[in-house]
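Visitor: I have a model open beside its sequence and would like to learn how to read it. Could you take me through the features one at a time?

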Amino acid sequence: MSIHGRREARIGCMRVARVLQAYLDGEIDEVTARRVSGHLDGCRRCGMKAHTYRAIKDSIARTGSLDELARRRLEEFAQRVSSLEPGA
Ligand SMILES: [Zn+2]
């Protein structure tokens, strides 16, 4: 018996990383968005990632261009942050 029976309602860091850009763009469904939002509240690493994505997106929005290179940089950044996590 487990007291963590609600596990399927939660969302992991890996999944958050995959949907984070879509989440910030408002391109995912409401249920997933709520789960991501809840995860970001409790996970400092993902919260930091979301903050950085937002800052980059904001600067892209200001310059008016979003090209493939920018997307790749975001992905590379996310992977680097993930690999920096100790004890992973
Ligand atoms: Zn996380």
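Guide: We will go through confidence, helix packing and charge pairs in turn. This is a predicted model, in which local features need pLDDT of at least 70 and side-chain atom pairs count only at pLDDT 80 or more, while totals for chains, interfaces and linings use all residues. Residues are numbered from 1 along each chain as its sequence is written, and side-chain values use heavy atoms, with hydrogens and water left out.

Visitor: What is the mean pLDDT of the protein, and where is confidence lowest?

Guide: pLDDT is the predictor's confidence in each residue, from 0 to 100. Here the mean is 80, with 78% of residues at 70 or more. Confidence is lowest in helix α4 (residues 68-84), with a mean of 74, and highest in helix α2 (residues 30-42), at 94. Residues 1-6 have pLDDT below 50, and beyond near neighbours in sequence this stretch has zero contacts in the model. Contact means heavy atoms within 4.5 Å. Helices are DSSP runs (H or I, at least four residues), numbered from the N terminus.

Visitor: How do I read the packing of α1 and α3?

Guide: Two packed helices are described by the angle between their axes and the distance between the axes. Axes are lines fitted to C-alpha atoms, for helices over the stretch in contact, and angles run from 0 to 180 degrees between N-to-C directions. Helix α1 (residues 13-25) and helix α3 (residues 44-63) pack at about 30°, their axes 10 Å apart. That makes the two roughly parallel (angles under 35 degrees count as roughly parallel, 65 to 115 as roughly perpendicular). On the α1 side the contact includes V16, L20 and L24, and on the α3 side it includes C46, A50 and Y53.

Visitor: Which hand does the crossing of α1 and α3 have?

Guide: A crossing is left-handed if the near helix is turned anticlockwise from the far one by less than a right angle, and right-handed if clockwise. The crossing of α1 and α3 is right-handed.

Visitor: And what about α2 with its partners?

Guide: The axes of α2 and α3 come within 6 Å and cross at roughly 110°, so these helices are roughly perpendicular to each other. Their crossing is left-handed, and H39, L40 and G42 of α2 touch R44, C46, G47 and A50 of α3. α1 and α2 pack at about 115°, with axes 10 Å apart, again in a left-handed crossing. There, C13, V16, V19, L20 and Y23 of α1 meet A33, V36, S37, H39 and L40 of α2.

Visitor: How many salt bridges are there?

Guide: Side chains of opposite charge can pair when their charged atoms come close. With the rule of a Lys or Arg side-chain nitrogen within 4 Å of an Asp or Glu carboxyl oxygen, the count is two. One of them joins R34 and E30, with the closest N and O atoms 2.6 Å apart. Both residues lie in α2, four residues apart, about one turn of the helix.

Terms used:
Angles under 35 degrees count as roughly parallel, over 145 as roughly antiparallel, 65 to 115 as roughly perpendicular and the rest as oblique.
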